[in-house]
Amino acid sequence: MRYCGHKMLNLILMMLALFSSSAMADGAYQQYTCSNYNDMHSCSGSCIKQEYTLDFKVNPSNSTVIKIFFENGKQSNSVVLDKCKVVDNDNWDCSSSFTSGQSMIESEHRLANGIFTAGQSVVNTVDFSRRALGDYYCAKKKGFLNFFD
């Protein structure tokens, strides 16, 4: 009976190791949709988990990032982000802005501190109020601790 218990424990430990290594695959980010700018930056609060994941291919030599979308484990789309400020594969900023009258349009695509953020906002340059142009998005690197959320 004791031998059977050790076999069961070893089997459980092997399954946990396999499960956690596949859940912690490098570059796999879980996408969320957020209702406001602050929640987008923390990737929490109002953010709702989406059915698809993201990955990124970063090319520091030409300052580009390719954002790759996956649905059901298969690549579904990709977008090239250019004019990026690339520090390394895990820290880059492809954001831009332009001003027209009393409004500034901000477009954000950024990966920093393990959180990807994306969205567009209109900022009033007089009172600095902000409103969204569409949805705000964030993504967190998938790992064992946030695999079940």
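The chain of this predicted model averages a pLDDT (the predictor's confidence in each residue, from 0 to 100) of 78, and 78% of the residues score at least 70. Local features need pLDDT of at least 70 and side-chain atom pairs count only at pLDDT 80 or more, whereas totals for chains, interfaces and linings use all residues. Residues are numbered from 1 along each chain as its sequence is written, and side-chain values use heavy atoms, without hydrogens and water. Helices (H or I, at least four residues) and strands (E, at least two) are DSSP runs, numbered from the N terminus. Confidence is lowest in helix α1 (residues 2-23), with a mean of 41. It is highest in strand β6 (residues 91-93), at 95. The pLDDT is below 50 over residues 6-27. Beyond near neighbours in sequence, this stretch has 15 contacts in the model (heavy atoms within 4.5 Å).

The count of disulfides (cysteine sulfur atoms within 2.5 Å) comes to 3. Counted along the chain, the bonded cysteines follow the pattern 1-3, 2-6, 4-5. Cys 34 lies in strand β1 (residues 29-34) and Cys 47 in the loop between α2 (37-42) and β2 (48-59), so the pair ties together parts 13 residues apart in sequence. Cys 34 and Cys 47 are buried (under 20% relative accessible area; exposed is over 50% and partly exposed in between, with a 1.4 Å probe and protein chains only).

Cys 43 and Cys 138 form a disulfide with sulfur atoms 2.1 Å apart. The torsion about their S-S bond is about 80 degrees, so this disulfide is right-handed. The pair links distant parts of the chain, 95 residues apart: Cys 43 sits in the loop between α2 and β2, Cys 138 in strand β11 (residues 136-141). Both Cys 43 and Cys 138 are buried.

In the disulfide of Cys 84 and Cys 94, the sulfur atoms are 2.0 Å apart. The link of Cys 84 and Cys 94 is right-handed, at 105 degrees. Cys 84 lies in the loop between β4 (74-81) and β5 (85-88), and Cys 94 in the loop between β6 and β7 (96-100). Cys 84 is buried at 6% relative accessibility, and Cys 94 is buried at 9%.

Nonpolar cores were defined as sets of buried Ala, Val, Leu, Ile, Met, Phe, Trp, Tyr and Cys residues joined through side-chain atoms within 4.5 Å. The largest holds 15 residues, of which Leu 54, Phe 56, Val 65, Trp 92 and Phe 116 touch the most other members. β2, β3 (64-71) and β9 (115-124) each supply at least two residues of this core. β2 gives the most, with 4 residues. A second, separate core of 8 residues includes Cys 34, Cys 43, Tyr 136 and Cys 138.

Salt bridges (a side-chain nitrogen of Lys or Arg within 4 Å of a carboxyl oxygen of Asp or Glu) number 3. Asp 93 pairs with Arg 110 at 3.2 Å. Asp 93 is in strand β6 and Arg 110 in strand β8 (residues 103-112). Glu 108 also meets Arg 110, at 3.3 Å. Glu 108 is buried, with a relative accessible area of 7%. Shared partners join Asp 93, Glu 108 and Arg 110 into one network. Arg 130 and Glu 106 meet at 2.7 Å.
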